[in-house]
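Here is a short briefing to read with the model open beside you. Have the sequence and the 3D view ready, and follow the topics in turn.

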Amino acid sequence: MTLFSHRQYISITVNIHQDNENAMPHTSIPADTLPPISVHAVPDRSVLARDVFGIASDMVVPAFSVQTDHVPDIDPTYLFDYETTLAILAGFIHNRRVMVQGLHGTGKSSHIEQIAARLNWPCVRINLDSHISRIDLIGKDAIVLQDGRQITEFQEGLLPWCLQRPCALVFDEYDAGRPDVMFVIQRILEVEGRLTLLDQNRIVTPHPWFRLFATANTIGLGDTTGLYHGTQQINQGQLDRWNIVTSLNYLPAQQEMRIVCSRLGIPQEDTQSQEKIRDMVALANLTRSGFMAGDISTVMSPRSVISWAENDKIFNDVAFAFRVTFLNKCDDSERPLIAEYYQRCFNANPFPEQASTTTL
Ligand SMILES: Nc1ncnc2c1ncn2[C@@H]1O[C@H](COP(=O)(O)OP(=O)(O)OP(=O)(O)O)[C@@H](O)[C@H]1O
Ligand SMILES: [Mg+2]
């Protein structure tokens with residue numbers, strides 16, 4: 001597999017439609033008035049989804065030609081899921097508010113980040129944990145030094161800051177946000193939604209290329225699985241304002257295997273390693289069906305499978321890597337069943353030393 005270096009990849013994506021009739025007008029703004037986040041106030045390129053994300057779609061997507069500090073780094077091994085990518089791209093192209101919901105570690109946050117990376121679209125992620133307050137988002141009066149004197153000045157929070165810039169704002173763990181904080185977000189969920197800064201007597205109008213995304217484990221109706229302690233119900237009036245809600249859960253085994261192999265850089269010809277990854281994904285799927293059936297209370301996410309494969313590479317011992325990646329996180333009473341799943345996939349005991357002790 002050919003891996004492009006970061007810079008090479010950008011220049012490739014960027015040049016695809018340089019002369020395309022769909023290309024956005026090149027409207028850079030004078031250097032002295034540049035917002036720090038982006039060199040161009042509007043996207044100055046357009047790219048084809050098929051070429052850049054490898055999905056079967058003819059979507060033409062606006063993009064920026066210059067990578068700035070706020071653009072995430074490209075993971076050249078990333079594989080894009082068709083539906084999730086389509087939904088997120090609709091968000092970027094048509095200014096739709098897009099929420100990606102799904103079980104943990106399935107690639108929700110990284111899909112948004114990796115799409116932004118390939119579009120050179122500045123992207124800010126905010127973890128909406130229960131400590132985020134209204135003041136963090138909106139801003140507050142702060143004491144600053146000016147000409148050697150202390151003065152009080154309003155410092156914008158991340159919300160008005162992002163809102164005024166060509167930037168993709170991602171609310172991660174959207175269902176963990178405190179209800180009072182969530183109402184601050186409600187207004188900007190509407191595309192024309194202006195944000196009123198009451199303390200400032202100021203109304204902030206969204207930048208035409210500001211984009212808003214969210215990721216969540218639950219769909220806002222509370223945690224029905226018992227996996228997501230700390231999540232809240234989402235106000236239905238607010239959920240209603242998200243234009244697109246897409247689900248990203250466990251993918252078919254073949255696709256998950258391709259993702260893990262791509263992350264680990266395992267080539268197609270390395271059949272031995274490919275088979276090992278296939279067994280790992282098979283075991284992950286056993287934990288998932290065991291969880292659905294109520295047999296165990298911990299599931300192995302795609303993130304854990306990647307982590308297991310990486311740990312295996314470090315320790316060169318698949319059973320030890322399994323214990324430290326997953327088994328040790330499971331309840332004691334469930335370990336024998338999980339060890340049995342391992343036995344079924346790898347035809348070995350994940351506790352070889354324990355097995356020998358028992359025999360003795
Ligand atoms: N399609 C993919 N291709 C390559 N790597 C992937 C893919 N999907 C997920 N990953 C990797 O799996 C890990 C978990 O992804 P991510 O953090 O996006 O999951 P998440 O769904 O946001 O999880 P959570 O619900 O816990 O926030 C990351 O290291 C990510 O790079
Ligand atoms: Mg996430």
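The buried residues of H13 pack against helix H10 (271–292) and helix H12 (318–325). Buried here means that 20 or more other C-beta atoms lie within 10 Å of the residue's own; exposed means 12 or fewer, partly exposed is in between, and the C-beta atoms are placed from the backbone. Helices (H or I, at least four residues) and strands (E, at least two) are DSSP runs, numbered from the N terminus. This is a predicted model, in which local features need pLDDT of at least 70, side-chain atom pairs count only at pLDDT 80 or more, and totals for chains, interfaces and linings use all residues. Residues are numbered from 1 along each chain as its sequence is written, while chains are lettered from A and ligands numbered from 1 in the order in which they are written.

**Helix H13**
- Helix H13 (residues 335–346) has twelve residues and reaches 16 Å from its first C-alpha to its last, close to the 16 Å expected at 1.5 Å a residue; the expected span is 1.5 Å times one less than the number of residues.
- Its buried residues are Ile-338, Ala-339, Tyr-341 and Tyr-342.
- They cover an arc of only 150 degrees around the axis, which puts them on the same side of H13; the arc is that of the directions from the helix axis to the C-beta atoms.
- Pro-336 and Arg-344, on the other side of H13, are exposed.
- After H13 comes Asn-347, with a positive phi near 55 degrees.

- The 22 residues of H10 should span 32 Å at 1.5 Å a residue, and the end C-alpha atoms of H10 are 31 Å apart, which agrees.
- In H10, the buried residues are Ile-277, Met-280, Val-281, Leu-283, Ala-284, Leu-286, Thr-287 and Gly-290.
- The cover over these H10 residues includes H9, H11 and H13.
- H10 is followed by Gly-294, where phi is positive, near 80 degrees.
- H12 buries Ala-321, Phe-322, Arg-323 and Thr-325, and what covers them includes H11 and H13.

**Around ligand 1**
- Of the 16 residues around ligand 1, those that come nearest are His-104, Gly-107, Lys-108, Ser-109 and Ser-110; a residue is near a molecule if its C-beta atom, placed from the backbone, lies within 6 Å of it.
- Helix H4 (108–119), helix H9 (253–264) and helix H11 (302–315) each supply at least two residues of this shell.
- Both domain 1 (6–247) and domain 2 (253–359) give residues to the shell, so ligand 1 lies between them; the domain bounds come from an automatic or database domain assignment.

- Ala-142 lies in strand E5 (residues 139–146) and counts as exposed, with 10 C-beta neighbours inside 10 Å.
- Leaving aside neighbours within four places in sequence, Ala-142 is in contact with Glu-153 and Gln-155; contact means that the two C-beta atoms, placed from the backbone, lie within 7 Å.
- Phe-154 sits in strand E6 (residues 149–156) and is partly exposed, with 15 C-beta neighbours inside 10 Å.
- Ala-142 and Phe-154 are twelve residues apart along the chain, and their C-alpha atoms are separated by 6.1 Å.

**The chain as a whole**
- The protein chain has 14 helices and eleven strands.
- Buried residues make up 34% of its 360 residues.
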